[in-house]
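Reader: Could you walk me through the labels used for this structure? I would like to see each term set against its definition.

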Amino acid sequence: MRKYKIAVLAATVCMLPFFLLLRARLMEREAVAAGDITFAVQAGEGEIRLKLWHNDYDGKEYLFLPAFCDENVSCVIESGYALSKSWDGQRLGLWGKTDCLQSGEHVLRVRGSDYTVKVMRSANIPALFITTQSGSLSYIEAEKGNGEPGMYEMIMADGSVLSAGGIEKLKSRGNVTFLEDKKPYQMSLQEPADLLGTGRLENYILLANRQDRSLLRDRIVYDMAGEMGLAYSPASIHIDLYINEEYRGSYQLSEKAEAAPGRIPVSTGGSDTETGFLTALEYTERAQEENYYFVTENGQSVIIRRPKAPSAAQFDYICRTFQETEDAIRQGRIEESCIDITSFARKYLVEEISKNLDAMYSSQYFYKDAGAKASLYAGPVWDYDKSLGNPLIEHTRPVNYQEPRGIFAATKQENASWWYDLYEQPYFRKSVIKEYRESAVPVIEWMVNERIDAYRDEIWESARMDYMRWDPFEDFKYERETDFEKAYGTEVNEIREFLRLRMEFLNDIWLEGRRYDRIQCDPGDGVMYVTLLDAIEGRTINEPRDPKREGYVFDHWIRQDTGELYDFTEIYDGVPFTLQAVYIEDK
């Protein structure tokens, strides 16, 4: 009996390969979805696993490779039990291994089905690989703030592993940006690590830059602020992000605007009546979503970021400090106030130079340390994707944000007048002009002449992959011929030109003392959103967008005082006037 069992077992073992082969052959008849095909790519001594991404617009599959994968990298193409696989007509062995992952289009044949696979390769920048505990982003992206644990590995462009370890929580974040398809995240590590070369940190932000087609505006402004001497401006780098083996796009890995070891040194120790704190000015509807916020007498909403759970005495102290500061600013007593003039001047300059959409309303940070002198400091900077002439800012707003001229941050705004009230005071304006001449001008020139081109060259290939993955210029959506080089190159060039012209304008009024006025446009029975034009003595006035009038077509502008056709090539002489719109009937 025992010999019989041994014989049956031996026969079963011998027949096992046959049954496995038979199963595989039967499964060969079933199609393999492209999403089930994985490329196990050799990376130094290790291996990374990448899934194909299907482009609905061109019907092709995309393999997005990180910078450390050269043209001769080898990989194993995994597709379940499929045995018959070929790559560009060359039949692959049992394990599906190939050494031909050159950039460009390839044909992958699996189980009799052909897939056009376009291989794209990044360059110059690191790659961050994240695996979530669930293996999915469904829960994380379902609601802002949702998160779960995971693991990470950061690999440099040369293939060396910079850091790897556990993630305490990867969570979704952002306000308007959270509503986008390409979402931002916060990564909190189980053990602090130095991912930016600035020291070991626990929290990092992954900025998607979905509303900035250049992917560069936040980084440009952060670096400008840091070079101008504004303390604790976030360090950041660009990376290629992969989550759960899927390419997620070109991201900006940044320090967080927070009070924490290695970041803003805010001590909340000491007495409750003189605590340190970190606050942020924010839109009222967003502030109301927070646990701790207050509204000043002028209607400015302020979120308390640190202490995380202030006591009643701490809360009262922070409110009182802010109100006293606001009163001093509005009453013109800043020499007697508790603000740090230099940091406020530099922070104002960052908002003004970048013409930031949220210059006084949102993501405006101020801090005070309990152990320092009784001074409120401005900074750090945060959130500048809607700045530097971003063309995605709607043209239906009362300000032309694409226009490099004009004082913007210091204009009077409802419930947000700190910069206006400060700028009206000669003492503060003198500090601004000094900081502009000594700190800002050299940095702007450096950005215009060198750094913007360097940023562009650094992320060019990464931006190309992001362009294919997310269609930021909506070329695929509107079935236009794709032209990444032209579209992306133009976007970056426009940032450089905006900064150059912005500096020219600020030089005119701050360094050369040219007269600056706003010329009123009267559209009559028509409609136009921007009715004020920036006019600088000795310069031409930029022509506004045409007003709209039902049943009529706009024809030209005349001066109300003379009735003459206005020529926008004329040099403005410093005498204000009003422009009147003239229409002709639409036949």
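Author: Happy to. This is a predicted model, where local features need pLDDT of at least 70 and side-chain atom pairs count only at pLDDT 80 or more, while totals for chains, interfaces and linings use all residues. Residues are numbered from 1 along each chain as its sequence is written, and side-chain values use heavy atoms, with hydrogens and water left out.

Reader: How many bridges join S4 to strand S10, and in which sense do they run?

Author: Five bridges link S4 with S10 (residues 113-121), and these strands run parallel. Two strands pair if DSSP finds at least two bridges between them, and strands themselves are DSSP runs of E with at least two residues, just as helices are runs of H or I with at least four, numbered from the N terminus. Within this pairing, Glu61 is opposite Val117 in S10.

Reader: What makes S4 largely enclosed?

Author: Buried means under 20% relative accessible area, exposed over 50%, and partly exposed in between (1.4 Å probe, protein chains only). Five of the five residues of S4 (residues 61-65) are buried, so the strand is largely enclosed by the rest of the structure. Glu61, Leu63 and Leu65 cover one side, and Tyr62 and Phe64 the other.

Reader: Which strand forms a hairpin with S4?

Author: That is S3, with six residues between the two strands, and Gly59 in the turn has a positive phi of about 75 degrees. S3 (residues 53-54) and S4 pair in the antiparallel sense over two bridges, and His54 has Glu61 as its bridge partner.

Reader: Why is Arg346 called buried?

Author: Arg346 has a relative accessible area of 19%, so it is buried. This residue lies in helix H6 (residues 341-354). Leaving aside residues up to four places away in sequence, Arg346 touches Met228, Gly229, Leu230, Glu435 and Ser439, where contact means heavy atoms within 4.5 Å.

Reader: Why is H3 called oblique to H8?

Author: Helix H3 (residues 217-227) and helix H8 (residues 426-470) pack at an angle of about 140 degrees, with their axes 11 Å apart. That angle makes H3 oblique to H8. The classes are roughly parallel under 35 degrees, roughly antiparallel over 145, roughly perpendicular from 65 to 115, and oblique for the rest. Axes are lines fitted to C-alpha atoms, for helices over the stretch in contact, and angles run from 0 to 180 degrees between N-to-C directions. The H3 residues making the contact include Arg219, Ile220 and Met224, and those of H8 include Trp446, Met447 and Tyr455.

Reader: Which strands stand at the edges of the open sheet, and why?

Author: The open sheet has four strands in the order S2-S1-S5-S8, with antiparallel pairing. S2 (46-51) and S8 (97-98) each have a single partner strand, so one side of each is left without a neighbour in the sheet. Two bridges join S5 (residues 75-78) to S8, and Val76 has Lys97 as its bridge partner.

Reader: What is the reach of H9, and what is expected?

Author: H9 (residues 484-511) has 28 residues and reaches 39 Å from first C-alpha to last, close to the expected 40 Å. The expected span is 1.5 Å times one less than the number of residues.
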